[in-house]
Amino acid sequence: MSFLLFIFTSTKAQNPVFSHTIGDFTSAQAFSIDPSGAIYIVDISTNELIKIDSVGTVIKVIGGYGWDNYTFDFPADVFSTLLNVYVADKYNDRIQIFDKDLNYITTLSTYSSEPFRHPVSVSVSDQGDIFLIDSDNSRVLKFTSDGQFLLEIGGMLAGDFTLENPKAFSIIGNKIFVLDSHDLYIFDLWGNNIAKKSFEFEPVNINSTSTGLTINTSKNVFYAYNNRDLLNLLLINFSPELEEPITDSILFNRKLFVLTSKTIYVYNIRK
């Protein structure tokens, strides 16, 4: 099978300007910013889900080690909408769903219509469908909002687009961007193959908002403002030179948020 090697250019521009830090964590793994600006962080050391506002004030914390509705065993990822928060609870083999105030709603688990183990990434489409990475079986799964299985993406029958070690993904419009080792795979929401790109570096995480897209390594953040032409993105390379490795990054409202295990660094973007 042939596939498209699309243009994914890196360029230098005026560096984002450091503003301040927010949050104090033990071992933050991932974060999400909802459309209102509320920030949700998962900490794999304390097994906590933390909600803070844009200036870093802690609004609510839930979690601790365990397997009931409000505890976690390695919360690997978090995704938020204006109404709900989704946590990939890796070693409990489930997705925990809370409302924006961190009240428990329901669980999507390995006992669903399509079993999965060790989810490491979660996201929700504009249509409300839930997508997750089943790391044990190296595939992306799609479920309805009420947990009914719809399809497998990048599984063993995907040919050149078979995933080997998927670790993070992001949904932009009707496309899914999946990071797999040094590669980026692009599928549509119905599991059709679109494109594949190999990087010279190994990305750690990927995020998108209405503002733009970020892909980060442990040291650098590559970001782009315009998500409309997804196959010809112009990525800007930023190296913040932090003491701690970068675990995640988000571009939101002309600010670049860079997560390390200990805190969030906030940078103002200048054009």
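1. How much space lies in the largest pocket? About 600 Å³. A pocket here is an open set of points on a 1 Å grid over the protein atoms alone, where a 1.4 Å probe fits, with protein on both sides within 12 Å along at least five of seven lines. The volume is the space filled by probe spheres set on the points, which are joined across faces, edges and corners.

2. The model is predicted: local features need pLDDT of at least 70 and side-chain atom pairs count only at pLDDT 80 or more, while totals for chains, interfaces and linings use all residues. Residues are numbered from 1 along each chain as its sequence is written, and side-chain values use heavy atoms, with hydrogens and water left out.

3. The lining of the largest pocket comprises 32 residues, where a lining residue has an atom within 4 Å of a point. Phe 79, Ser 80, Ile 171, Ser 208 and Thr 209 lie nearest the centre of this pocket. At least two lining residues come from each of S3 (28–33), S7 (75–80), S11 (119–124), S15 (166–172), S19 (205–208) and S23 (246–252). Strands are DSSP runs (E, at least two residues) numbered from the N terminus. By class, the lining has 14 nonpolar, 14 polar and four charged residues; Ala, Val, Leu, Ile, Met, Phe, Trp, Tyr, Cys and Pro count as nonpolar, Asp, Glu, Lys and Arg as charged, and the others, Gly among them, as polar.

4. The second largest pocket has a volume of about 200 Å³. It is lined by 13 residues, with Gln 29, Ala 76, Val 120, Lys 167 and Asn 205 closest to its centre. S3, S7, S11 and S15 are the elements that give two or more residues to this lining. Six of the lining residues are nonpolar, four polar and three charged.

5. S11 also belongs to an open sheet of four strands, in the order S11-S12-S13-S14 and with antiparallel pairing. Two strands pair if DSSP finds at least two bridges between them. S11 and S14 (149–153) are the edge strands, each pairing on one side only. From one strand to the next the twist averages 20°, taken between axes fitted to C-alpha atoms, with angles running from 0 to 180 degrees between N-to-C directions. Within the sheet, five bridges join S12 (130–134) to S13 (139–143), and Phe 143 in S13 is the bridge partner of Ile 130.

6. The structure holds 10 salt bridges, each a side-chain nitrogen of Lys or Arg within 4 Å of a carboxyl oxygen of Asp or Glu. One of them joins Asp 134 and Arg 139 at 2.9 Å, N to O. Both are buried (under 20% relative accessible area; exposed is over 50%, partly exposed in between; 1.4 Å probe, protein chains only), with Asp 134 at 0% and Arg 139 at 8%. Through shared partners, salt bridges join Glu 114, Asp 134, Arg 139 and Glu 152 into one network.

7. Arg 117 and Asp 136 form another salt bridge, with the closest N and O atoms 2.7 Å apart. Arg 117 lies in the loop between S10 (104–109) and S11, and Asp 136 in the loop between S12 and S13, so the pair ties together parts that are 19 residues apart in sequence. Arg 117 is partly exposed at 39%, as is Asp 136 at 38%.

8. Arg 94 is buried at 7% relative accessibility, and Asp 89 is buried at 0%.
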